[in-house]
Amino acid sequence: MEAENHTEVSQFLLLGLSDDPKLQPLLCGVFLCMYLFTVLGNLLIIVAISSDSHLHTPMYFFLSNLSFVEICFTSATVPKMLVNVQVQSKNISYIGCLIQVYFVMIFAGMDSFLLTVMAYDRYVAICQPLYYMVIMNPRFCGILVLISWLIIFWVSLLHILLMRRLTFCVGTKIPHFFCELTQILKVACSDTHINNIVLNVATALLGVIPLTGILFSYSRIVASLMRISSAGGKYKAFSTCGSHLAVVSLFYVTGLGVHLSSALTHSSLQNLIASVMYTVVTPMLNPFIYSLRNKDMKGALRRLFNLPASCL
């Protein structure tokens, strides 16, 4: 197939999750339900936090930002897939693919940054409780979130500019349900050496460094808890970290699955499963984790809907 300049390639073909026409309605229904659960669940957390003065604290400020990012993360991929299934088309424009790559990278990176900031918040709350409100003041919390957005905006833009250098063949097929950067680099017709180097460096910086920060924060938390004599005191202090730890584990395990399945195997099915867990299932589960494991969130939801204390 003749290679042409990327400016002449108007569209790509997203192969999706399955070519079986009998499975398309089922896949559409399942992903639509998961998408609605994700949007409604995370939106409910944002509304509950903003409407309850008891939750106007740094921890819940970061949680509301995380919920917003989760909505955007899923919205960057699932709606386009649902539209393609409904109209029975596999096409995505070249510009549309670039936009999708850009926003997927932004929201995945923000997930990582926000989870790191939330771990730091728990570290300050448990290890330096007397200085918590002084350190985690509203201005500082806003600056942390703003810096995270600025960093990931520029890193994602760098990837897009590097992608613009690549050439693609007419009728290029992407074995995925959305435009994932690693898959696009694999189907490019030109040399992707520089792109791969930048991708690996960015993955290390934006993945490994935040994870290291999370692990360091929790190592200090555990060391601080070991100095508490009563078991009840240890449980009460660490209980505020349970939901965050569950979300961190889910995010990084599925993220690692996506990276390994793309780098070490040539199975598109394994990569698709890992990507579904990372981009769809994880954002859907986060509201359930935070609402079911967090007494403050349960109380806020009860007050929001005027439910009796026996509910939730």
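**Before you start**

Residue numbers run from 1 along each chain as its sequence is written, and side-chain values use heavy atoms, with hydrogens and water left out. Because this is a predicted model, local features need pLDDT of at least 70 and side-chain atom pairs count only at pLDDT 80 or more, while totals for chains, interfaces and linings use all residues.

**Stop 1: colour by confidence**

Colour the chain by pLDDT, the predictor's confidence in each residue, from 0 to 100. The average for the protein chain is 85, and 90% of the residues score at least 70. Now select residues 1-7, where pLDDT stays under 50. For this stretch the model has 18 contacts (heavy atoms within 4.5 Å) beyond four places in sequence. Where pLDDT is low, the predicted coordinates should not be read in detail. Helices (H or I, at least four residues) and strands (E, at least two) are DSSP runs, numbered from the N terminus.

**Stop 2: S156 in helix 6**

Select helix 6, residues 138-163, and find S156 in it. Is S156 buried or exposed? S156 is buried, as its relative accessible area is 0%; buried means under 20%, exposed over 50% and partly exposed in between (1.4 Å probe, protein chains only). Show its side chain, which reaches the backbone oxygen of I152 at 2.8 Å. Leaving aside residues up to four places away in sequence, S156 touches Y102, M105 and I106.

**Stop 3: the cavity**

Next, select M59, M118, D121, R122, T240, S243, H244, Y290 and N294, which line the largest cavity. A cavity is a set of points, on a 1 Å grid over the protein atoms alone, where a 1.4 Å probe fits but cannot get out; lining residues have an atom within 4 Å of a point. The largest cavity holds about 40 Å³ of space, and the count of cavities of 30 Å³ or more is 1. Which helix gives the most to this lining? Helix 4 does, with 3 residues. Helix 4 (94-127) and helix 10 (242-264) each supply at least two.

**Stop 4: S230 in a loop**

Finally, select S230, in the loop between helix 8 (193-225) and helix 9 (231-239). S230 is partly exposed, with a relative accessible area of 36%.

Conventions. A polar contact is a pair of N or O atoms within 3.5 Å; within protein, one must be able to donate a hydrogen and the other to accept it, and residues adjacent in sequence count only if both atoms are side-chain atoms. On a 1 Å grid over the protein atoms alone, a cavity is a set of points where a 1.4 Å probe fits but cannot get out, and a pocket is an open set with protein on both sides within 12 Å along at least five of seven lines; lining residues have an atom within 4 Å of a point. Grid points are joined across faces, edges and corners, and a volume is the space filled by probe spheres set on the points.
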